[in-house]
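Welcome, and please take a moment to turn the model around before reading on. The paragraphs below will walk you from one part of it to the next.

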Amino acid sequence: MTTARPALAEETSDRNGAPVANGDAATGEAGRITPMMEQYIEIKRANPHYLLFYRMGDFYELFFDDAEVASRALGIMLTKRGKHLGKDIPMCGVPVERADEYLHRLIELGHRVAVCEQLEDPAEAKKRGAKSVVKRDVVRLVTPGTLTEDTLLDATRNNYLAAIARARASADTSLFALAWIDISTGEFRLTECDRAGLGAEVARLEPGEIIVSDALYGDPELGSFLRALPAVTPLARDVFDGATAERRLADYFGVATTEAFGKFSRLELTAAAACVTYVERTQLGKRPPLSPPAREAAGATLQIDAATRANLELMRTLAGERRGSLLAAIDRTVTAAGSRALAQRLAAPLTDPQRIARRLDTVEAFITDAAMRQEVRLALKAAPDLARALARLVVGRGGPRDLAGIRDGLAAAARLADHLAPQATAAAEMAEAQVHLRAPDPALADELTRALADELPLSRRDGGFVRPGCDPALDEVRALRDESRRVIAALQARYAEDTAIRALKIRHNNVLGYFIEVTAQHGDKLMAPPANATFIHRQTLAGQVRFTTTELAELEARIASAADRALKLELEMFDRLAARVNAAAAAIKQAADALAAIDVAAALAQLAVERSYVRPEVVPTLEFVVAGGRHPVVEQALARDAGPFIANDCNLTADEQAGRIWLLTGPNMAGKSTFLRQNALIAVLAQMGSFVPARRARIGIVDRLFSRVGAADDLARGRSTFMVEMVETAAILNQAGSRALVILDEIGRGTATFDGLSIAWATIEHLHDVNRCRALFATHFHELTALAAKLTRLFNATVRVKEWQGEVVFLHEVAAGAADRSYGIQVAKLAGLPAAVIERAKLVLAELEAEDRGSARRLIDDLPLFAAAARPVAQQPAHDTAAEALGAALAALNPDEMSPREALEALYQLKQQAAEKDR
Ligand code: ADP
């Protein structure tokens, strides 16, 4: 029954009934604050944005609002105990041994927790007087971005803390700096970007937590973006103070100036300093090891915005699962660090052909030498998570198993360095990895091997982790503790011999402790000289006399404290070893990174061999040629369900200034989306330094990748399907340059046919004439294929189908040309629509087609082409046409058929149209 808990006003025992300082008790008269509550309130006041885990005996208790929040979030019982100012105090609690589990859930739900411990034994408090409260304070702030525990982290993902700082670049544009760290691995990077870049960077990093200044959080430009992100922490201005930034950063690294790390702008320094300041605050002054901040040059990585990442299902599917994503399909890594590094590379493909070639060389080396690949992968399997073990040890949260992690990791690194064949290290990345693998001093691994036992406890407080034979002093106390019987027996044998009393025994009871016992007849002998110089009389019973000796008393004292001393010596040894690891942190980190890089390369090689991928040529032009390309994920899914994947070619190469646009038509289910995505994924894979699923691929560097699908709802943010589609399309048309690769799937589908067609039409013209990028555009508006007649770099392609006995057969082959029709009715038939509906639809279609014939032709002939329409708005002629358009838009509305939301949206659109007209 939960009522076994003490009332607050009478904190006299913990839940197990063990006594807790009486001093925490108070009379609890209504209206009076107990000393313990006073302490609680003070600590809570100092940490207002955190749920306070207040340690009481074997529980962390939460009070007041915190209790209500936590009991709801964790589904644990809310009780009311004691009174504060005459009112019940809500309370709930979690047992200390299960705290990690509850912390994990709270953090996942976006809460932050302050962990408040008892800093002294309750008995100490008691000594100060009956009224004194056990000393307590917060020892750690747990926030989503500053976790180090394996139990709280996903081993296969980085967990970033990111800071955003902003400066005005001009009256209406801002410049942003983004700094991010992973304190569980020490990675620390920063970059500057514009507003669109910021969105893409945040989408790439998916930080576990983002910190911003209060001001930025409340800012109209950024506020709504920030509030839509999962874990954003607004902080007081001083954390983002530019004037003190460089000093705070230098302090963290213990250097005089940060110039040695590179030249950073004030804005970058501000973001970077915010990160370290926040880390120090949450770790209560401890400084986990971070690599010095390294700038990611703007444009060094392929920019991919959030919608594109989601849509291409790079890291997870649209349903939010890892399974079915590109990452899951290509991940053949065998270590957690390798898996994190792979995810990182996939999230941030490169844009420098040389760096890409460097990675590809390593992958190729592992393909060429299959034996080395197998050996290396085998050796890697034994390698523990070096980076995270290191980080925990340095923040003082490590245990014996982390030391073992370092030991085994270093051993694995050394072994691995030997496995890298000399000819393979012709690859520059491989050679560098080999140097890094050998960086840590082998003496450290040896020392750890000598010091650590075979079986290790989780916590160092449990003791027993130091190998016997390693420390003579420890061996002795342990011998006393563990072998006290043997030591006593030896002593007994010696006394028996010295006194010639064979029946002499050493016994133990709770009153006397250890004592020597002889029969009454021998007692006299021991009480007489010379024995009485050694034996001290303790007790005479009917048949026995009991003695002790100085030696036995000492032995007893030593036995009693042996366990304590053993633990103390072990903890000293732990600290020594942890300090050694700490001193070697930089080299260990390098080795850890090298292990991860080797794992990634060997895994990508394994993938390439398994699935017949080829090395892509990555070039600094606008070419894009894929021969025999396949979709990396669909291909694997099909392989399981039988049926071959049909490989297809794609060529978006046009000239030196611009790319080609493929307009892809074909019925639903033909394979249009698959084809579009596979080409985008091949570009991503190539630029991350992976081989690609194709017969041949030559990819001109892509600097930004966009992918949009018509009719994707974003109900969570309250925007209609069509609105989302248009907002996203607008982003592409406004941002894509000639190096971009754009994938548009069924844009314009979310509205009436003619609206949709017109928008798709104008979009293609804009892509062709203004963006001039490489693009793939799938549509079921065949009318659009007529555009190829005017747009020289537009190419019509279709996914072929065959009609056979009134049924449509999908060939999944992409060929030049246009689909002759939609086959929508055939597909509907396949889906099982009732025969009567199918027949009726055929009739209606025939009617519609008869009316519609030739309309696209007319459009091509009559419409002034894009050059005219694309003139800046200000130059556009005329209020009259604008007014006409407005009138037409009004006339097109049918209020009776609109939902209130649609009506409101329409009203906004009309207002905007009217505003543009008046400009
Ligand atoms: P669309 O976008 O034209 O409606 P999808 O790209 O969604 O069609 O493809 C429909 C299904 O056809 C896919 O789920 C896949 O199983 C199969 N498919 C697509 N492309 C191929 C291909 N090249 N080879 C084999 N099967 C394919």
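Let us begin with D238, which is partly exposed because its relative accessible area is 41% (buried means under 20% relative accessible area, exposed over 50%, and partly exposed in between, with a 1.4 Å probe and protein chains only). D238 forms a salt bridge with R281, their closest N and O atoms being 3.0 Å apart; a salt bridge here is a side-chain nitrogen of Lys or Arg within 4 Å of a carboxyl oxygen of Asp or Glu. This pair links distant parts of the chain, since D238 sits in the loop between β11 (232-235) and α8 (242-253) while R281 belongs to helix α9 (residues 266-282), 43 residues apart. Helices (H or I, at least four residues) and strands (E, at least two) are DSSP runs, numbered from the N terminus. R281 is partly exposed too, with a relative accessible area of 42%.

Before going further, a word on what you are looking at. This is a predicted model with residues numbered from 1 along each chain as its sequence is written. Local features need pLDDT of at least 70 and side-chain atom pairs count only at pLDDT 80 or more, while totals for chains, interfaces and linings use all residues, and side-chain values use heavy atoms, with hydrogens and water left out.

How many salt bridges does a search of the whole structure find? The search finds 45. One of them brings together the side chains of D219 and R166, at 3.0 Å from N to O. D219 lies in the loop between α6 (214-217) and α7 (223-227) and R166 in strand β7 (residues 161-168), so this pair ties together parts that are 53 residues apart in sequence. D219 is buried, with a relative accessible area of 12%, whereas R166 is partly exposed at 26%.

Another salt bridge joins R615 to E364, with the closest N and O atoms 2.6 Å apart. Here the linked parts are 251 residues apart: R615 is in the loop between α23 (585-611) and β18 (617-619), and E364 is in helix α13 (residues 353-368). R615 is partly exposed, with a relative accessible area of 28%, and E364 also counts as partly exposed, at 34%. Elsewhere, salt bridges that share partners join E187, R189, E201, R204 and E296 into one network.

Now look for the ligand. Of the 14 residues around the ligand, I646, M669, K672, S673 and T674 come nearest (a residue is near a molecule or strand if one of its heavy atoms lies within 4 Å of it). By class, this shell has 7 nonpolar, 6 polar and 1 charged residues, where Ala, Val, Leu, Ile, Met, Phe, Trp, Tyr, Cys and Pro count as nonpolar, Asp, Glu, Lys and Arg as charged, and the others, Gly among them, as polar. Helix α25 (residues 672-688) gives the most to the shell, with 3 residues.

Which atoms of the protein lie by the ligand's oxygen and nitrogen atoms? A backbone N or O atom of K672 lies 2.8 Å from an oxygen atom of the ligand, and a polar side-chain atom of T674 lies 2.5 Å from an oxygen atom of the ligand. A polar side-chain atom of H812 lies 3.5 Å from a nitrogen atom of the ligand.

Notes: Polar contact = N/O pair within 3.5 Å; in protein donor to acceptor, adjacent residues only side chain to side chain.
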